[in-house]
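Look over the sequence and the structure before reading on.

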Amino acid sequence: AKWGIKFTLICGLSLQLFSYGLLFAWDDDWSKTESIIFVTFAQMFSGIAKDLTKLGGKTVTKLVTPEEQDTRLFKLVSLIT
């Protein structure tokens, strides 16, 4: 299970960097339709990355938190995310 969490976090962070990198390929000569499709494509990767990173982060929090303190920490994590 721990390898899966690490993989999820790394994939999420990598996809986030990839989606930011896509924006460097922006071309001002594109039509409005091409621009909208390109930005939508970049946002799709960013959304998937956010979900993967959030999932991995919450799981890691659950694994490293002692049982008696999990309620307070989970409330804080849910407030932040």
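How many residues apart are F41 and F45 in helix α2? The model is predicted. In helix α2 (residues 32-64), F41 and F45 lie 4 residues apart, so about one helical turn separates them.

**Aromatic pairs**

A pair of aromatic rings is described by the distance of the centres and the angle of the planes. The count of aromatic pairs comes to 5. Two of these pairs are set out in the table, among them the pair of W26 and W30.

| Pair | Centre to centre | Angle between planes | Arrangement |
|---|---|---|---|
| W26 and W30 | 5.7 Å | 65° | edge-to-face |
| F41 and F45 | 4.9 Å | 85° | edge-to-face |

The angle between the planes of W26 and W30 is 65°. Angles over 60 degrees count as edge-to-face, so this pair gets that label. W26 is partly exposed, at 37% relative accessible area. W30 is also partly exposed, at 26%.

F41 and F45 form an edge-to-face pair too. F41 is partly exposed, with 39% relative accessibility. F45 is buried, with a relative accessible area of 17%. Ring pairs also bring in F18: F18, F41 and F45 are linked into a cluster.

**A threonine in helix α1**

T8 sits in helix α1, which spans residues 2-23. Is T8 buried or exposed? T8 has a relative accessible area of 17%, so it counts as buried. Which residues does T8 touch, leaving out those up to four places away in sequence? The contacts of T8 are L52, L55 and G56.

Key
Residues numbered from 1 in each chain as written. Predicted model: local features only at pLDDT ≥ 70, side-chain atom pairs only at ≥ 80, totals over all residues. Heavy atoms only, no water. Helix = DSSP H or I, 4+ residues; strand = E, 2+ residues; numbered from the N terminus. Buried < 20%, exposed > 50% of the residue type's maximum accessible area, 1.4 Å probe, protein only. Contact = heavy atoms within 4.5 Å. Phe/Tyr/Trp six-rings, centres within 6.5 Å; stacked < 30°, edge-to-face > 60°.
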